Amino acid sequence: MSDTQEPVVSAELVAVLVAVSDGEPRVLTTDAGQALPAGPFQHTHRSLQTGLRDWVETQTHHPVGYVEQLYTFADRDRFDAQGMRIVSVSYVGLTREVGQPDVAQVIWQDCYRYFPWEDWRDGAPSIIQSTIVPALLNWCEQDESLRALRRQRVNYSFGLEGAIWNEDFVLQRYELLYEAGLLPESCRRRQREQQELGKHDELGLGMRHDHRRILATGLARLRAKIKYRPVVFELMPPEFTLLQLQQAVEALAGRGLHKQNFRRLIEQQALVEETGAMSLGGSGRPAKLFRFRGDVLFERAISGSKLPLAKQAR
């Protein structure tokens, strides 16, 4: 492609499909965990969302339920091997993991394999102080003219020196680590071999293209959304215990919640109703089973629904 020739643009559809299984956040991936379900928008697709659903179901055999458009990635340097400019239209959705995928290379992965610094359910991950902070502080010192600004971004993103950890800043933290050259994806332009992306190192599992950036964007959107919309119920089976519901919220948020406060808020907002049945199996005492009140969905879509995520991490 010459310098004066206008590049041909191709639209790629990318899906971030998240589930919670056994209290852990999971994402549906292709290419043995190195990519998200994706495919080009074709003239036969009636709409972008129809095209996305077609690609996901073709590639993974997993049905697509609730999805919403996430973000359009159109950086100037996004080209494929043929020189065609790529614009990625991403979607995020909540689903349920049902058995193992029957397609080769399609697997469910723990979200925190990609972002090990984001799981605060048991307190601050040790990797932040042991690895991330020293590396970022070293990066700050590499440019004297940018030192103060970089240090401010590090503190703000990772909750240092009096700043508060904000679970919604998933993308900001990822992009900071990317800019500092600490991630496998950072090194592509320095000709790092492609197989490096598939290796799990201390800073998580890399992904092809910019799919880990898209995944970070999706996780940030979901973390923000569960605070004001009852979308978490898309993750739940028809009947569930309040503990299972709390664990699903904690899994997505990457934060531990106070049990009594959580249950009080759920009760105050009348989001669920008892089924009259009790849970069976497990090592603990049987617990009451609940279901989502269907009439609440429309009401909460209009008025909003707060879930009890504290403003400060534990």
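## A walk through the cores, helices and rings

Apart from neighbours within four places in sequence, I128 is in contact (heavy atoms within 4.5 Å) with W117, W120, V133, P134, F158 and W165. The model is predicted, with local features needing pLDDT of at least 70 and side-chain atom pairs pLDDT 80 or more, while totals for chains, interfaces and linings use all residues. Residues are numbered from 1 along each chain as its sequence is written, and side-chain values use heavy atoms, leaving out hydrogens and water.

I128 belongs to the largest nonpolar core, which has 63 residues. A nonpolar core is a set of buried Ala, Val, Leu, Ile, Met, Phe, Trp, Tyr and Cys residues joined through side-chain atoms within 4.5 Å. Buried means under 20% relative accessible area, exposed means over 50%, and partly exposed lies in between (1.4 Å probe, protein chains only). The members that touch the most others are W117, I128, I132, L136, F158, L245 and V272. A second, separate core has 13 residues, including L13, L52, V64 and Y91. In soluble globular proteins, nonpolar side chains tend to be buried together.

The protein as a whole has 314 residues, and 47% of them are buried. Its secondary structure consists of eight helices and ten strands; these are DSSP runs numbered from the N terminus, with helices (H or I) of at least four residues and strands (E) of at least two. Among contacts with a separation of 6 or more, 64% are between residues 24 or more positions apart.

Helix 3 covers residues 147-158, twelve in number, and spans 16 Å from first C-alpha to last, close to the expected 16 Å. The expected span is 1.5 Å times one less than the number of residues. Just after helix 3 comes G159, with a positive phi of about 65 degrees.

How many of its residues are buried? Nine of the twelve are, so helix 6 counts as mostly covered under the cut-off for buried. They are L242, L245, Q246, A248, V249, E250, A251, L252 and A253. G254 follows helix 6 and has a positive phi near 70 degrees.

The aromatic rings come next. A pair of aromatic rings is described by the distance of the centres and the angle of the planes. Rings of Phe, Tyr and Trp (its six-membered ring) pair if their centres lie within 6.5 Å; planes under 30 degrees apart are stacked, over 60 edge-to-face, and the rest tilted. The whole structure holds nine such pairs. Y156 and F169 form a tilted pair, 5.2 Å centre to centre with 40 degrees between the planes. Y156 is in helix 3 and F169 in the loop between helix 3 and helix 4, 13 residues apart. Is Y156 buried or exposed? Y156 is exposed because its relative accessible area is 53%, whereas F169 is buried at 13%. F233 and F240 make another tilted pair, at 6.1 Å and 45 degrees. F233 is buried at 10% relative accessibility, and F240 at 1%.
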